[in-house]
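Please look at the sequence and the structure shown here. The report that follows describes how parts of the chain are arranged.

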Amino acid sequence: MLSSNFQSLGLVALAGLTRAATVSYNFDITWVWAAPDGFGRPVVGVNNQWPCPTIEANVGDTLVVTLNNKLGNETTGIHWHGINQVSTEEMDGPSGVAQCPVAPGSSITYQFVVDVAGTYWYHSHNMGQYPDGLRGPLIVRDPNDPNKSKYDEEVIISVTDWYHNESLALVRNMLQPSNTKFQPPIPVGMLVNEGQGSHITFEAGKNYRIRLINFSAIANALIHFDSHKMKVIMNDAAMVKETDADMIRIAAAQRYDFIIQAGSKENSNYPFLISLDVNRDIHNPALGPLQWPFNYTGYLVMDSSKALDAVDVVQKWNPIDDSHFKAYDGAGPYENYDKLIKLDFQFCLDQNGYPRACFNNVTYIGQKVPTLYTAVSTGDDNTNPAIYGQVNPFVVDDGDVVQIVVNNLDVAAHPFHLHGHHFQVLSRADSQAGSWSGKDTGYASTPPKRDTVTVNGGSHAVLRFKADNPGVWLFHCHIEWHVEMGLTATIIEGPSKLKGFSIPDDFTNACKLQNIPYQGNAAGNTQNYTDTTGFITVPPTTYDGSMYVASSGSKVKRAGRFGVGMGEF
C-alpha cells in the first residue's frame with residue numbers, strides 16, 4: 001500500500017486484462033483556484049479539479065477523450081505526449097499543426113489506439129498553456145509486460161518547475177525587444193506530484209516500479225534514493241536493458257521507469273532527494289558554480305512510528321548517461337539514411353528586434369491553416385515545402401530512414417522532442433564537443449529509443465527514425481518558453497499517403513467557429529497552392545559570430561559567445 005499522496009495499483013488488479021476495450025473520459029477544461037506551494041493562483045484543471053486526473057488504459061485499448069472548453073477566455077487543446085498516433089495523425093493535438101485550437105464553449109473528441117505500453121503524459125499544446133496546469137500522467141499497461149514479474153506495486157512521481165504568474169503574461173514579457181539576453185521566465189519553485197506527494201510506504205521484500213515524469217516548462221530534475229539503486233527498465237515509454245543507476249537526470253517532458261527493491265531485512269525510513277536543475281549545463285564548469293535553489297526530500301517509509309528526519313545528502317550530482325542505455329530488443333542503428341535533416345540551433349532576433357529561437361536562421365511562425373490540413377488538401381502539391389509557410393518544413397518520403405542532427409550552438413543544454421515517433425539516439429556528444437563533423441562513425445551498436453533527448457551545450461546529437469507513420473510531426477525544443485520563441489521544425493512525412501485524408505467534422509467545426517481556414521496552403525489559398533499571398537512571415541536573421549544581422553543590415557550585439565538562452569538563475 002502507498003500513502004494517499006501517491007498513486008498505486010497492485011498487480012493482482014491487472015490480471016486478466018487482456019482484451020482491448022474502449023476507455024472513455026469527459027474533460028471539462030476549467031479554471032481552478034489552487035495553492036500547491038501556499039501561493040494561490042488560477043490554474044487550468046479538468047472537471048473543476050486540479051491536479052488533472054491520471055488516464056489509465058491497457059495496450060490495444062481505444063482511448064476516447066471528449067474535451068469541452070469551459071475556460072471562457074482561452075482556447076485550448078491536448079497533445080498526447082509520446083503516443084505515436086499511428087494512422088490517427090489528426091489526433092496528435094498541437095494547435096495550428098494537427099488541429100485548430102478549441103474555442104471557449106466548444107468541444108472536440110480525441111479517439112486513438114494506445115498501441116505501445118509505457119509511461120506517457122498529456123498536456124496542452126496551445127499558446128504556452130501547459131505550465132498553467134493542464135497536464136497529467138497517461139499510463140498504458142501491458143498484461144504481458146516482460147518486466148511484470150520484477151515488481152509488486154507501482155508509483156507515479158511527477159516533478160515540475162512552478163510559476164506564480166500565468167503563462168500568457170510570462171510569454172508576453174519574454175517576447176520584448178528589451179529582452180536582449182533571451183531570458184525565459186524563471187521558476188519560483190518546484191512541485192512533486194503537483195504539490196501533493198511526499199512519502200512512499202515501503203514494505204520489506206517488495207519491489208516497486210517508479211514511473212517518473214517531468215512536467216516542467218524549462219527545468220531538469222535530478223533524483224537519488226538513499227541506500228537504494230534504481231534499476232532503469234524504460235525511458236520515454238521505450239524499453240531498455242535493465243541498467244543500475246545511482247542518480248538520474250530527467251529533462252522536461254522525459255519519463256523514466258525504474259525498479260527499487262526493499263530488502264527483506266530492512267526496517268528504516270530512507271530519504272530520497274529531488275533537486276530542480278536550473279543550471280544551463282551541469283557538465284560545463286566554465287559557467288561557474290552550480291546552483292540548487294529548489295530541493296525536495298521524500299521518504300521510503302518502512303516504519304511510520306519512526307521519525308522522518310533523515311536527509312539524503314548528495315555531494316555532487318553525477319547522473320547516469322542515458323545515451324548509453326541499450327535497446328531492450330538489441331536492435332542496431334537503422335542503416336543508410338535516405339534523408340538528412342541538419343538543424344543548427346541558436347537564439348536570434350527578428351527584423352523588429354524581438355527575441356526568437358532559430359533552426360538554420362529561421363524561426364517557426366504558425367500559419368493560418370493547420371499544417372496537417374494543408375498536407376491533406378493540396379493534392380500533389382503537398383510535397384512542395386513552399387506551400388507550408390514559415391514552419392521550418394522538411395518533406396520525407398514514406399519508408400525513408402531519416403537522420404536528424406541537432407547542432408546546439410547555445411551554451412545551455414536543451415531537450416528536443418519528436419512527435420509521431422521514437423527515434424534512435426545514435427550519439428549524444430559531451431558538453432562543448434562542438435558541431436557534428438559529418439562523419440557517421442562511432443555510433444552506439446544498440447542505441448536506445450526515446451521521444452525526447454537532451455542535447456548538451458555547445459554540442460550535438462545524432463538521431464534516426466524510420467518514416468513509417470505518415471503525418472505532420474513537430475520536432476521542437478521542449479522548453480515551453482523556447483517553443484513560444486519559435487524553436488520548432490515540421491516534418492511532412494509520407495505526403496503521398498496524406499492526400500485526401502478525412503478530418504473529423506468536430507475538428508473542422510473547431511476551425512469554422514473561429515473563421516480559421518482549414519483547406520489550401522498555409523494562407524488558405526485554394527486555387528493556386530504556390531500563391532504565398534497572405535503567408536505569415538518574419539524576416540530571417542543571419543549570424544556572423546558575434547552579431548545578429550537583420551535584413552535591414554543593422555547589427556545587434558549578442559550576449560556572450562553563445563548567449564544565455566536558459567537565463568541567469
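In this predicted model, four strands make up an open sheet of mixed pairing, ordered β2-β1-β4-β6. Helices (H or I, at least four residues) and strands (E, at least two) are DSSP runs numbered from the N terminus, and two strands pair if DSSP finds at least two bridges between them. The edges of the sheet are β2 (41–46) and β6 (107–113), each of which pairs on one side only. Neighbouring strands of this sheet are turned by 20° against each other on average, direction ignored; the axes behind such angles are lines fitted to C-alpha atoms, for helices over the stretch in contact, and the angles run from 0 to 180 degrees between N-to-C directions. Strand β1 (residues 22–34) runs antiparallel to β2 and is joined to β2 by six bridges, and Trp33 has Pro42 in β2 as its bridge partner.

Residues are numbered from 1 along each chain as its sequence is written. Because the model is predicted, local features need pLDDT of at least 70 and side-chain atom pairs count only at pLDDT 80 or more, whereas totals for chains, interfaces and linings use all residues, and side-chain values use heavy atoms, with hydrogens and water left out.

A further strand to follow is β30 (residues 488–493), where six of the six residues are buried, so that β30 is largely enclosed by the rest of the structure; buried means under 20% relative accessible area, exposed over 50%, and partly exposed in between (1.4 Å probe, protein chains only). In a regular strand the side chains alternate between the two faces of the sheet. In β30, Thr488, Thr490 and Ile492 point one way and Ala489, Ile491 and Glu493 the other way.

| Strand | Sense of pairing with β30 | Bridges |
|---|---|---|
| β22 (residues 393–396) | parallel | four bridges |
| β29 (residues 471–477) | antiparallel | six bridges |

Within these pairings, Val395 stands opposite Ile492, and Trp473 has Ile491 as its bridge partner. Val396, which lies in β22, counts as buried because its relative accessibility is 1%. Leaving aside neighbours within four places in sequence, Val396 is in contact (heavy atoms within 4.5 Å) with residues including Ile491, Ile492 and Glu493, as well as Lys339 and Ile341.

Which residues of helix α4 (residues 505–512) are buried? They are Phe507, Thr508, Ala510 and Cys511, and seen down the axis of α4 they fall within an arc of 145°, so they line one face of the helix; the arc is that of the directions from the helix axis to the C-beta atoms. These buried residues pack against β6 and α2 (371–377).

A nonpolar core is a set of buried Ala, Val, Leu, Ile, Met, Phe, Trp, Tyr and Cys residues joined through side-chain atoms within 4.5 Å. The largest such core has 68 residues, of which Phe258, Ile274, Ile404, Phe416, Phe475 and Trp481 touch the most other members, and strand β20 (residues 339–349) gives the most to this core, with five residues. A second, separate core of 56 residues includes Val97, Val140, Ala237 and Ile387. Once neighbours within four places in sequence are left aside, the contacts of Trp481 include Pro131, Tyr163, Leu170 and Met174.
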